Amino acid sequence: MTSRTKNKTAEQRRLETVETLIDLAAEQNPSSISTQALADKMGLTQGAIFRHFPTKESIFSGVMGWVADRLMKHIHKAIDTDAVAIDQLESMFLAHISFVSQHPGIPRILFGELQHDKDSVPKQMVKKLIVQYADLLRNIMQAGQEKGQLNPDLDIEAATLLFIGSIQGLVMQSMLATDRQNMLATAQSVFNVYRQSLLPA
């Protein structure tokens, strides 16, 4: 056992477990990651893992909580609330892409959870995050319309779907190409196209 695994509080151990799973998911199918593989990576026994997470599902719930908290904080930090709506949306778009590029295991985990037939706790948490994320987009767009910063005829629901779909498309391409730098380089060009559909004529 390495010194890295010693003398950790319960909270630190849970955080380490979550972050280790995210790291492993960047290289392999998240559903195929065993608790043994997780324990081996951390230099622990499976029993040590289960002291903090009683089931594998609870580990994925911990991951979803981590993602929701970190992603939304990252986005809110990037948004200048005094900026015009289109610039706030651009900051949100690029911050999201930056976050994913730093944690490539996250989209693999999220997509994996959404594909499950069972409406598990982690899947419910993913859906809740998507709702929270979409609400933030709608609020920015509605405020932008009211201030005359965005097209008054803009279909906000469609624009919200397109925003999220554009990010998902970039992420999927990055996963297929295993080139996160290309995703970052392409993100700005993609948003520039999106921008034209939102601005007043």
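In helix 7, the buried residues are P122, K123, V126, L129, Y133, A134, L136, L137, I140, M141 and G144. The model described here is predicted. Helix 7 has 26 residues, which at 1.5 Å a residue should span 38 Å; the C-alpha atoms at its ends lie 37 Å apart, in agreement with that value. An α-helix has 3.6 residues a turn, so residues three or four places apart point the same way. Just after helix 7, G148 adopts a positive phi of about 75°.

When residues up to four places away in sequence are not counted, M141 touches L89, L150, L154, I156, A159, T160 and Y194.

The overall fold contains 9 helices and 0 strands. Along the sequence, the pattern reads α-α-α-α-α-α-α-α-α. The C-alpha trace spans about 60 × 35 × 30 Å along its principal axes. Of the 201 residues in the protein, 41% are buried. Among contacts with a separation of 6 or more, 68% are between residues 24 or more positions apart. The accessible surface comes to about 10,700 Å², and carbon and sulfur atoms account for 52% of this area. There are 20 positive and 21 negative side chains, and the centres of the two sets are 10 Å apart.

Helix 1 covers residues 10-25. Its 16 residues should span 22 Å at 1.5 Å a residue, and the distance of 23 Å between its end C-alpha atoms agrees with this. The buried residues of helix 1 are R13, E16, T17, V18, T20, L21, I22, L24 and A25. The elements that cover these buried residues include helix 2 (35-42), helix 3 (46-50), helix 4 (56-78) and helix 6.

A25 belongs to helix 1. A25 counts as buried because its relative accessible area is 0%, under the 20% limit for burial. Beyond its neighbours within four places in sequence, A25 is in contact with P30, I33, G105, R108 and I109. The C-alpha atoms of A25 and H103 are separated by 9.4 Å, although the two residues are 78 residues apart along the chain.

Two loop residues were also examined. S34 is located in the loop between helix 1 and helix 2. The relative accessible area of S34 is 34%, so S34 is partly exposed; this class lies between the limits of 20% and 50%.

S120 is found in the loop between helix 6 (105-115) and helix 7 (121-146). With a relative accessible area of 7%, S120 is buried. Apart from neighbours within four places in sequence, S120 is in contact with E57 and E113.

Note on methods: Residues are numbered from 1 along each chain as its sequence is written. This is a predicted model: local features need pLDDT of at least 70, side-chain atom pairs count only at pLDDT 80 or more; totals for chains, interfaces and linings use all residues. Side-chain values use heavy atoms; hydrogens and water are left out. Helices (H or I, at least four residues) and strands (E, at least two) are DSSP runs, numbered from the N terminus. Buried means under 20% relative accessible area, exposed over 50%, partly exposed in between (1.4 Å probe, protein chains only). Contact means heavy atoms within 4.5 Å. Accessible areas come from the Shrake-Rupley method with a 1.4 Å probe; for residues, only the protein chains shown count as cover. Lys and Arg count as positive and Asp and Glu as negative; His and the chain ends are not counted. The place of a charge is taken as NZ of Lys, CZ of Arg, CG of Asp or CD of Glu. The expected span of a helix is 1.5 Å times one less than its number of residues.
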